[in-house]
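I opened this structure to look up a few things and keep short notes on them. The entries below follow the order in which I looked.

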Amino acid sequence: MTIERIPFLSLTPGADAAEVRAAIDRVLTRGHFVLGPEGEAFEAEFARASGAAHAIGCGNGTDAIALILRALGVGPGDEVVVPAMTATYTALAVTMVGARPVFADVEPGRLTMDPTSLQDRLTSRTKAIVPVHLFGQAADLQALSAVATRAGVPLVEDCCQAHLATWGGRPVGTTGVAGAFSFYPTKNLGAVGDGGAIITNDAAFAARLRCLRNGGQVTRYEHVDAGVNSRLDELQAAVLRVRLLRLEAGTAHRRALASRYRAGLDGTRAIPVPECDPGHVYHLFPVQHFQRDDIRARLDRAGIDTLIHYPIPLPAQRAFASMAPAACPVAARAAAELFSLPLHPALTPVQVDRIITAVRAADRPDGSTHA
Ligand SMILES: Cc1ncc(COP(=O)(O)O)c(C=O)c1O
C-alpha cells in the first residue's frame, strides 16, 4: 500500500486559481507594469487590513527592512540589534545599509527577542532595534519598547511572518516607527514572485519611503536622494489584492488547525512553541523535540514532510563570522531542537490528525504505532 504524502506546502494556486489568473490577465491587458493602479489600490487595501495609515509596496521583505533603516539614516559605523533566531534576511537588511547587525538572544518559549539580552547589547552606536514577530507571533513589544524608549532608539518591526497578527490587540507594525512585510510565496499573504511592503502611521516617513523605493525621485528623472530601485510590480499587486480578500479566513483556519495540533500533541515530547498572545497568526507550527532529527526521519518514512526553521542561529552563520558575535544559547538550543509541522490554509483537519498520530508514534522510544 502506498501512503499519500503530506507535503509541507503547495504553492500552486488552488481555491483562488481562477481569480489569480483573471487578475494577471487584467494587468497584461492594461499594459501598465510598475507603479500603477493595482499597486496603489493594494497599498490602500493592505494599510486598511493592517490597521495602519500608510502602506508602501516594495520589492521584498528584506528591502522593506533596509528601506526603513535607510529612511532612519542608519548607515556605516552604526549598529542595529536583531534577534539571533530569525530568517537571516533580517540581519542582511542591516548589512545592506552598511551597518553592523548585533545579535540579541531570544526568550525561552516564544523565541522572540529577549528584552534583557537586548539591554545588554545596546551601545552608543545602536541606531535601531529590529524585533521579529516570529512564526506568526508578536514579540514582547511592551518590554522591548520600554528598553528602546529608555535608550532613545527606534523600533523597526519585522512583520515578514506576521500578516494580520496583533500584540495585546494592537496590529503588529504600528508600535515601532514602521513594520516590514514580505509577500514571498510561502508567506501567509504570498505573491507569485517576490514582493514586500512597509506600514507606518507617520505621513512624512511614508512619503520619504515612497521616494526612496523609487530611486529617490520626487518628479520624473529628478532624484533628490540616493534611493534604491525596489518597487512592488503590478502583477504581484494584482495577485495580492485577490489573496488579501481570503487572508482573514485563511488565518482563522490556521488558528483552528494549530489548536487541533496543540490538543493532539499534548503529553508527547514534541513541545509546540507556546501561544503567548491570541493575535498569533500561525505562519508556521514549530515544535521542539530533544531527538529532532530522529523524529523527522520517522515522520518522513510515514509520508510527512517537515522543515527546520531555523537550523543555524544567526551568530553561527559564517556570513557574520567577521563580526565576532556574542553567543546566544537559547537560540542555539532552539536551532538544534526545533522542526516545523505542515500548517497552511489548504491543510485539512483529517491530515492534521494523521500527522498527530504519526508524531505520537514516532515519539515512542520504539516508534511503534500501538496504542
Ligand atoms: C522574519 C523574516 N524577515 C525577513 C524576511 C525577508 O523577506 P523576503 O524574502 O521577502 O526578502 C523573511 C522571509 O524570508 C522573514 O521570514
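**Entry 1: ground rules.** I am reading a predicted model, where local features need pLDDT of at least 70, side-chain atom pairs count only at pLDDT 80 or more, and totals for chains, interfaces and linings use all residues. Residues are numbered from 1 along each chain as its sequence is written, and side-chain values use heavy atoms, with hydrogens and water left out.

**Entry 2: the ligand.** I asked which residues come nearest to the ligand. Of the 13 around it, these are Gly61, Thr62, Asp158, Ser182 and Lys187; a residue is near if one of its heavy atoms lies within 4 Å. By class I noted four nonpolar, seven polar and two charged residues in the shell. For these classes, Ala, Val, Leu, Ile, Met, Phe, Trp, Tyr, Cys and Pro count as nonpolar, Asp, Glu, Lys and Arg as charged, and the others, Gly among them, as polar.

I then looked up polar contacts, meaning pairs of N or O atoms within 3.5 Å. A polar backbone atom of Gly61 is 2.7 Å from an oxygen atom of the ligand. The side chain of Asn60 has an N or O atom 3.4 Å from a ligand oxygen. For Thr90, a polar side-chain atom lies 3.4 Å from a nitrogen atom of the ligand. Taken alone the ligand exposes 390 Å², and the protein buries 93% of that; the areas come from the Shrake-Rupley method with a 1.4 Å probe. Helix H3 (61-71) and helix H4 (89-96) are the elements that give two or more residues to the shell. Helices here are DSSP runs of H or I with at least four residues, strands are runs of E with at least two, and both are numbered from the N terminus.

**Entry 3: cysteines.** How many disulfides does a search of the whole structure find? The search finds zero, a disulfide being a pair of cysteine sulfur atoms within 2.5 Å. For Cys159, the nearest cysteine sulfur is that of Cys160, 7.4 Å away. The sulfur of Cys328 has its closest cysteine sulfur in Cys276, at 19 Å, which is too far for a bond. I wrote down Cys159 as buried at 0% relative accessibility and Cys328 as buried at 6%; buried means under 20% relative accessible area, with a 1.4 Å probe and protein chains only.

**Entry 4: an open sheet.** I found three strands in the order E12-E13-E14, with antiparallel pairing. Strands pair if DSSP finds at least two bridges between them. Strand E12 (271-272) and strand E14 (338-341) each have a single partner strand, so one side of each has no neighbour in the sheet. E12 is joined to strand E13 (residues 285-288) by two bridges. Ile271 stands opposite Gln288 in E13.

**Entry 5: Ala99 and strand E3.** Ala99 sits in the loop between H4 and strand E3 (100-104), and counts as buried at 7% relative accessibility. Its C-alpha atom is 29 Å from that of Leu35, 64 residues apart along the chain. In E3, four of the five residues are buried. Strand E2 (residues 79-83) pairs with E3 in the parallel sense over five bridges, and Val81 has Val102 as its bridge partner.

**Entry 6: Val27.** I placed Val27 in helix H1 (residues 17-30). Val27 is buried, with a relative accessible area of 0%. Pro37 is ten residues from Val27 in sequence and 9.5 Å from it in space, C-alpha to C-alpha.

Key
Polar contact = N/O pair within 3.5 Å; in protein donor to acceptor, adjacent residues only side chain to side chain. Buried < 20%, exposed > 50% of the residue type's maximum accessible area, 1.4 Å probe, protein only.
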